[in-house]
Amino acid sequence: TAQLVEKSEKLALVGQLAAGIAHEIRNPLTSIKGFLQLTRMQGEHRDDYFDIMMTELDRINLIVSELLGVSKPVDVVFKKQAVTPMLEDVVALIQSQASMDNVQINLEIESDLPPLYCEENQLKQVFINVLKNAIEAMPDGGIISVEMKRKSGFITIQVIDEGIGIPAEHMPKIGEPFYTTKEKGTGLGLMTCMKIIESHGGELGISSEIEDGTTVEIRLPVT
Ligand code: ADP
Ligand code: MG
């Protein structure tokens, strides 16, 4: 039946994704193993080997943390709750990291927003991934405006940066797993965000002007 076909297509996609992630994680693991062996055999370049191993471990950490939202951990709990403190928490968390990059985050939240039926850890993951991209788009610093407000039947969250922007020809690729333009990117952040917002019945849109900045708009339905 049609439903079965659809399910097997989804499973095939999951398989492809898992294979890709396994590959991404196996590379740094193989490298760490090699350098551990070298470290045991000779003491000469120990500091260099340790630096490389730390970098590779950071990379695995980044891949795993960007994927948290799609992995369906056991503690996924959908309930009716306020989104305002979630956004405030994430901005507070990321603000200190941002200021080291000369980035200031301005937060504007409409008062008395209705609660949403949502999963706290997953929504926080979305806010983190989108804000990280905004910071990374502004190597010389700048301002990120985050606005959350009510718009007929939806709560919208806009993250507006003054960064490098996205060339129009790259737009169709954005959000595809492993698509990245960054030397140390994973290309998993936005895919995770899109999956999570979709599972909330919402939408995620991106508009961008090269060298002018990018706006990510998230719309979540009020039920
Ligand atoms: P990563 O950040 O690891 O590259 P993402 O899935 O988070 O992976 O983003 C994919 C790509 O989308 C980025 O490599 C970048 O080219 C582009 N992108 C995402 N957000 C922004 C932004 N705010 N400004 C400019 N480019 C962006
Ligand atoms: Mg990212």
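## Which way do helices cross?

A crossing of two helices is called left-handed if the near helix is turned anticlockwise from the far one by less than a right angle, and right-handed if clockwise. Keep that in mind for this predicted model, where the crossing of α4 and α5 is left-handed.

## α4 against α5

Two packed helices are described by the angle between their axes and the distance between the axes. For α4 and α5, the angle is about 145° and the axes lie 9 Å apart.

Who does the touching here? On the α4 side, look for Gln122, Gln125, Val126, Asn129, Val130, Lys132 and Asn133. They meet Gly189, Leu190, Thr192, Cys193, Ile196 and Ile197 of α5. Sorted by class, this contact has six nonpolar, six polar and one charged residues.

## α3 against α4

Helix α4 also meets α3, which covers residues 84–100. Their axes come within 10 Å and cross at roughly 35°, and this crossing is right-handed.

From α3, the contact takes in Met86, Leu87, Asp89, Val90, Ile94 and Ala98. From α4 come Glu120, Leu123, Lys124, Phe127, Ile128, Leu131 and Ile135.

## Around ligand 1

Now for the ligand. Ligand 1 has 22 residues around it, and Asn133, Ala137, Thr180, Gly185 and Gly189 come nearest. Which elements give two or more residues to this shell? They are α4 (120–136) and α5 (189–199).

By class, the shell holds nine nonpolar, 11 polar and two charged residues.

Technical notes:
Residues are numbered from 1 along each chain as its sequence is written. Chains are lettered from A and ligands numbered from 1 in the order in which they are written. This is a predicted model: local features need pLDDT of at least 70, side-chain atom pairs count only at pLDDT 80 or more; totals for chains, interfaces and linings use all residues. A residue is near a molecule or strand if its C-beta atom, placed from the backbone, lies within 6 Å of it. Helices (H or I, at least four residues) and strands (E, at least two) are DSSP runs, numbered from the N terminus. Ala, Val, Leu, Ile, Met, Phe, Trp, Tyr, Cys and Pro count as nonpolar, Asp, Glu, Lys and Arg as charged, and the others, Gly among them, as polar. Axes are lines fitted to C-alpha atoms, for helices over the stretch in contact, and angles run from 0 to 180 degrees between N-to-C directions. Two residues are in contact if their C-beta atoms, placed from the backbone, lie within 7 Å.
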